[in-house]
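Subject: Handover of a structure

Dear colleague,

Please find below the structure that I am handing over to you.

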Amino acid sequence: MEKIRRVSVLGAGLMGAGIAQVAAQAGLEVELMDTEGKFLEKGMSAIRQNLGRMVKKEKITQTEADVSASKIKCTTNLIEAVKNVDVVIEAIPEILLLKKETFKAIDKECPPHVIFASNTSGLSITEMASATKRADRFIGMHFMNPVPVMQLVEIVRGYSTNKETVKTIEELSLRMGKSPIVVSDTPGFATSRFIAVLMNEAVHAFAEGIASAEDIDKSMRLGMNHPMGPLELADFVGLDTLLYVMENLHREYGDPKYRPPLLLRQMVRAGHLGRKTGKGFYNYSA
Ligand SMILES: NC(=O)c1ccc[n+]([C@@H]2O[C@H](COP(=O)([O-])OP(=O)(O)OC[C@H]3O[C@@H](n4cnc5c(N)ncnc54)[C@H](O)[C@@H]3O)[C@@H](O)[C@H]2O)c1
């Protein structure tokens, strides 16, 4: 396959903005798409802030930051966003039907060589691929949060993903400054399966009243040397995303150990999604 030059990133939220940033910093032309202008503005403002921080720390120059930001074009038009790209990286909410509908819609618009990659935390790549006619060029490209900082990309091989696609996405990950691992398509893959269980268990423990949120987090930070406690991490990831991940693990494995706590559901229903809404296990509005 020709060298990848242009990518489309669908969703300008926590992950999409980070992916667009590292892609632009790798010299790729980026089409960033979201459903409304205000989400794109929020994503671009996060990107500019991140690049600004890197300039302050003298990791990049102001010119490099400006060049990277200028490589990102924003649009609310899905078809425009994917028309002329080599790879589409999807980072929309963790809802299987939404992802399948989106991939089905763009499958008709993209030439056959275009690779579709999903940043899903653990939904089936094989099932998403079944909504398209390019299951061999469909793959998981799971970045970690925060994308500009975290080294890993978990590459997920669907049932029909071909070797060339895996190789191309491995090379793309390296170009974006990341270290890839390749895993097979199982619910939660490696990363999410392990870490989501810890966060879920911490929410259960908090709901049972075993300790305050601060002390639950302290137990893992000071007792196990984790950089963040599991409830802080849940707020950082987004409680809606954690709930979707747990529901998927529970549904797919049918094992009660993955059951999400009622408290998590209630917090999501109340719109307390963690940092992104200003309130979760902690208050961020002050
Ligand atoms: N949050 C994390 O720590 C994390 C880590 C790794 C992977 N992921 C995965 O990344 C994906 C995105 O998660 P996030 O945390 O960035 O969520 P988010 O809620 O921050 O962002 C999602 C964005 O998608 C947009 N969107 C919704 N429907 C859309 C559509 N039809 N077309 C285009 N854009 C649409 C929303 O407006 C929003 O801006 C999910 O699959 C999630 O599981 C999340």
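The shell around the ligand takes at least three residues from each of domain 1 (6-184) and domain 2 (192-277); these domain bounds come from an automatic or database domain assignment. The model is a predicted one, in which local features need pLDDT of at least 70 and side-chain atom pairs count only at pLDDT 80 or more, while totals for chains, interfaces and linings use all residues. Residues are numbered from 1 along each chain as its sequence is written.

The ligand is surrounded by 26 residues, where a residue is near a molecule or strand if its C-beta atom, placed from the backbone, lies within 6 Å of it. Gly11, Gly13, Met15, Ser121 and Asn145 are the closest. By class, this shell holds 11 nonpolar, 12 polar and 3 charged residues. Here Ala, Val, Leu, Ile, Met, Phe, Trp, Tyr, Cys and Pro count as nonpolar, Asp, Glu, Lys and Arg as charged, and the others, Gly among them, as polar. At least two residues of the shell come from each of helix 1 (14-25) and helix 5 (96-107), and helix 1 gives the largest share, 3 residues. Helices (H or I, at least four residues) and strands (E, at least two) are DSSP runs, numbered from the N terminus.

Next come the strands, two of which pair if DSSP finds at least two bridges between them. Strand 1 (residues 6-10) pairs with strand 4 (residues 87-90) in the parallel sense over 4 bridges, and Val7 has Val87 as its bridge partner in strand 4. Strand 4 also pairs with strand 5 in the parallel sense, again over 4 bridges, with Phe116 as the bridge partner of Val88. Between these two strands the chain passes through helix 5, and this β-α-β crossover is right-handed (with the strands pointing away from the viewer, the path from the first strand over the helix to the second runs clockwise). Strand 5 and strand 6 (residues 138-143) run parallel and are joined by 3 bridges; Gly140 is the bridge partner of Ser118.

In strand 4, Val87 and Ile89 point one way and Val88 and Glu90 the other way, and all are buried. A residue is buried if 20 or more other C-beta atoms lie within 10 Å of its own, exposed if 12 or fewer, and partly exposed in between, with C-beta atoms placed from the backbone. In strand 5 (residues 115-118), Ile115 and Ala117 point one way, Phe116 and Ser118 the other, and all are buried.

Finally, Val149 lies in the loop between strand 6 and strand 7 (152-157). Val149 counts as exposed because it has 10 C-beta neighbours inside 10 Å.

Yours sincerely
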